[in-house]
Amino acid sequence: MSVLQKFGFKDSPYQRPQDKWVCGHLAEGKPCPLGPDMHGKCGARAACEPHLEDGRWQCKRSALEGGPCEKGPLPDGRCCIQQESCVPQPSLRTRRGRMARWAAALAVGLVVLIVASSQAGRFLMPGPLTSAHASLTNCDTCHAGVKAEKLGWLHSFAATTSAKDNSNLCVACHNVGDAPFSPHTNPVERLEKLTAAYSDGPDGRAIKNDNWVYRISFPPPKQTSGKTEIFCATCHQEHEGGIHDLTTVSNLRCQTCHVSKFGEFVGTHPQFTNFPFNRRTRIIFDHKSHFGTHFPKAAETNAASVPGTCMDCHEPGEDQRYMEVQAFDTMCSSCHEGDILGTTRVSGPKGINFLAVPGLDVATLNERHIDIGDWPEYSEARLTAFMKALLAKNTSGQGIADQVAQLDLLDLTDASDEDLARVADLAWSVKSLFSRFENDGIMKAMHMPADDSGTDMNRLDMSYLTGLISHDVIASANRDWFPNLQDDLQRHDNGQPTAAFEAQKKAEEDAAAEAAKKQAAATAEPASSPAAGQDADDGSILGGDDTGSDGDILGSSDDLAGGGDGGTDLLSQPAGADGADAGLLSQPAGADDADAGLLSQPAGADEQPAKEAQSGGDILSGNDSSSSDDILSGGDTAPSEDKDSILGGGDSDGGDILSGDSGGGDILSGDSDGGDILSGDILSGDGGGAGGLEVTDTDSDAQPAAPQQTPFDPEVWAELGGWYRQDYTIRYRPMGHADRFLRSWLDYSGHAFGTDRQGTLEPIFDQLASSDAVGRCTKCHSVDDESGMQHVKWKPFNSGRVKDRFTKFSHEPHIDAVGDKGCRTCHELDPAPDTYLETYKGNDPAVFSPTFAPIEKNMCTDCHTDEAAGESCTLCHNYHATQFGRPLVPTKLP
């Protein structure tokens with residue numbers, strides 16, 4: 001049995017170490033038994049307190065003090081031994097307490113001095129910040145409970161802050177989307193859709209009892225404390241040192257929400273599903289058809305244009321993570337540039353019909369006395385989709401194009417008066433549109449709102465829509481097609497007839513008066529017997545007469561073929577000619593508004609003013625109104641005895657076209673006066689002209705023929721792109737790939753789908769997006785239906801724009817590991833039948849048929865183990881499946 005102490009209470013005085021004071025004689029080894037009191041006063045007194053026993057005082061000194069004294073108590077009962085008083089001393093505990101308090105006071109003082117200084121943060125920081133945050137020196141930047149002033153950190157001891165308050169300071173610099181604290185920083189609605197998509201399975205059927213589906217299911221959007229929120233400090237811990245990686249997240253962090261633990265990647269990780277395809281490609285490119293058909297065919301003529309390796313078309317992006325497609329000029333232009341420029345088009349115009357003068361049945365309108373002013377009689381153009389949109393934008397043209405859509409504007413013979421009135425409204429709207437283009441400026445004439453609210457489009461976008469069309473293009477078109485445009489519009493606005501309408505009315509009145517005069521003259525003359533097989537009034541079918549009657553079919557009068565006072569010649573007006581007063585033999589095919597003749601105008605001349613002739617005669621008729629002789633029956637001014645036939649010989653004044661003499665000359669054999677068909681032919685109308693078919697002249701004095709001028713083709717002239725006029729139409733020819741005019745109109749009209757502007761702009765989109773459209777944009781660029789709008793995908797996949805993926809992959813570390821097969825190690829053509837192009841008949845990008853086989857998980861398991869390349873969650877998965885950025889700090893101007 002062990003004892004607590006070596007002696008009993010009788011052998012040792014009771015020590016009181018808890019007392020603040022000790023006896024002053026303690027140092028001598030003889031402390032007084034009682035010691036000092038609690039206030040440090042000496043408690044010395046007699047050695048004992050004698051007791052009175054049987055009438056005598058007895059000493060009661062303890063044995064520790066030596067027992068009863070020899071002298072005993074004094075007679076009065078007092079102890080005979082009086083202890084000497086001392087000066088009590090502080091105990092060891094007291095001295096230690098005093099030292100501790102002084103040390104604490106000193107420490108507190110030093111702390112106050114430190115925290116009150118400018119370097120307080122350095123001493124209070126629990127650890128160094130990462131290098132990305134090393135420039136942050138104020139604690140209140142990241143800690144919501146800290147005040148900005150000195151000793152502001154003390155406020156955090158009393159302030160009540162939450163993790164969300166601190167996270168709000170994080171997202172002040174780091175933009176992680178509109179739902180920064182939602183799981184994966186995605187809106188809960190999107191997470192629900194993704195979960196439902198996984199649950200439904202790839203074929204649309206519900207998946208049940210499939211563990212891996214539930215392993216990746218996202219947390220429920222609602223919990224007892226409200227919606228689920230994950231704050232920044234849950235995964236990102238600071239003050240771990242300058243080289244600490246804040247993005248490093250352990251698998252345990254992921255399993256906080258994804259409670260079903262994934263083991264090793266090889267075993268428990270789910271199989272890939274159609275990886276990496278989640279939509280059809282933005283650029284329509286069928287690898288199978290190009291590998292099997294197009295490339296071998298192109299190699300027959302230009303082997304250098306055919307790619308030999310994948311790297312000829314694909315190259316690593318700037319971050320070396322994703323492979324990107326090279327530019328059009330590098331890999332596509334050798335075969336497809338002709339589709340854009342129009343050089344491969346075998347029919348139709350190579351430009352886009354922008355503005356046009358729609359062809360109208362001018363004859364019927366004149367006959368029915370519908371006043372539309374000057375109008376090209378032989379235009380066969382149609383109203384363009386752009387003009388319909390521009391006309392619908394104006395009150396005067398609202399719906400006018402739709403009102404006449406069912407009419408054949410080139411044949412209005414059976415049209416009702418109401419229909420003709422609508423056609424007239426269309427004509428005046430078109431004229432007003434051309435006038436506004438010329439006089440009001442392109443911005444006012446083509447004002448297009450940016451949205452349904454009517455917001456003005458910015459100047460740069462508007463310039464793309466106009467194609468920077470020149471004023472001269474519009475002005476010259478107005479001069480040639482509508483010579484009196486401003487006067488016509490002014491008269492129309494004032495309710496007055498146009499000059500052309502008044503001239504037509506006067507011509508009709510003059511013709512009626514002349515007809516009445518002829519009728520009266522015919523009635524007054526006695527009837528005469530006609531020649532054999534010939535009526536005296538009708539004349540010869542080839543020759544005219546002098547009776548003033550209708551004449552013959554080729555003679556000069558108001559007949560079908562001959563010119564007269566008011567009539568035109570059937571042979572002097574070809575179908576489709578652009579002018580009312582020109583003749584078939586006096587005007588070239590395709591000429592615009594030309595009044596000159598085919599035989600008196602060079603080939604290819606366009607829109608030249610006609611020579612005015614009072615008689616309106618032709619090559620087969622006489623040359624003035626007073627003569628009824630034709631070119632087959634002699635001259636027009638000579639007396640009757642001198643009117644020799646052009647086919648028969650005569651005197652020096654008439655001559656024979658086949659047998660020459662000194663006066664007329666032979667069309668086949670030239671002479672000094674008339675020459676041959678080159679030096680003064682009857683078809684050129686010029687005795688010394690150089691026109692006509694070249695025949696060798698034996699005359700040494702004959703002049704050499706002038707070189708024949710090549711017909712002008714405005715479409716060829718505009719082969720580099722831009723604006724040009726042709727067939728009463730102003731056209732725009734694309735300048736090359738990514739033409740701004742085409743792209744801007746496709747974007748503008750496509751984004752109008754689903755809005756109030758769709759009905760107006762949809763025809764433009766349909767025209768430009770058709771498979772045979774000029775430029776053929778949608779042959780390679782897919783059109784996606786996104787929220788009802790039609791979006792043309794101008795760019796291929798760009799990794800820089802993809803910020804919302806849950807998975808990530810980098811080609812750079814894998815390039816050296818693919819072996820001899822190269823890209824085909826992972827990317828093999830799908831052996832299934834090629835249905836790639838079929839998916840582009842619709843506009844849903846989620847419906848697709850890839851040309852390459854999906855990548856399976858076993859492609860990755862050989863390397864991605866814990867011992868080799870690693871298999872942590874964040875190696876292939878992103879937590880922040882949104883666009884992540886750091887906005888600029890708002891800086892006030894000085």
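Q: Why is arginine 422 called partly exposed?
A: Arginine 422 has a relative accessible area of 29%. Buried means under 20%, exposed over 50%, and partly exposed in between (1.4 Å probe, protein chains only). So arginine 422 counts as partly exposed. This is a predicted model: local features need pLDDT of at least 70, side-chain atom pairs 80 or more, while totals for chains, interfaces and linings use all residues. Numbering runs from 1 along each chain as its sequence is written, and side-chain values use heavy atoms, without hydrogens or water.

Q: What makes aspartate 419 and arginine 422 a salt bridge?
A: Their side chains meet at 2.9 Å, N to O. The cut-off is a Lys or Arg side-chain nitrogen within 4 Å of an Asp or Glu carboxyl oxygen. The pair therefore qualifies. Both residues sit in helix H14 (residues 417-439), three residues apart, or about one helical turn. A helix here is a DSSP run (H or I) of at least four residues, a strand (E) of at least two, numbered from the N terminus.

Q: How do you know whether aspartate 419 is buried or exposed?
A: Its relative accessible area is 18%, so aspartate 419 is buried.

Q: What does the salt bridge of aspartate 488 and lysine 431 tie together?
A: These side chains meet at 3.2 Å, N to O. Aspartate 488 lies in helix H18 (residues 485-493) and lysine 431 in helix H14, so the pair ties parts 57 residues apart in sequence.

Q: Why are both partners called buried?
A: Aspartate 488 has a relative accessible area of 1%, and lysine 431 has 0%. Both therefore count as buried.
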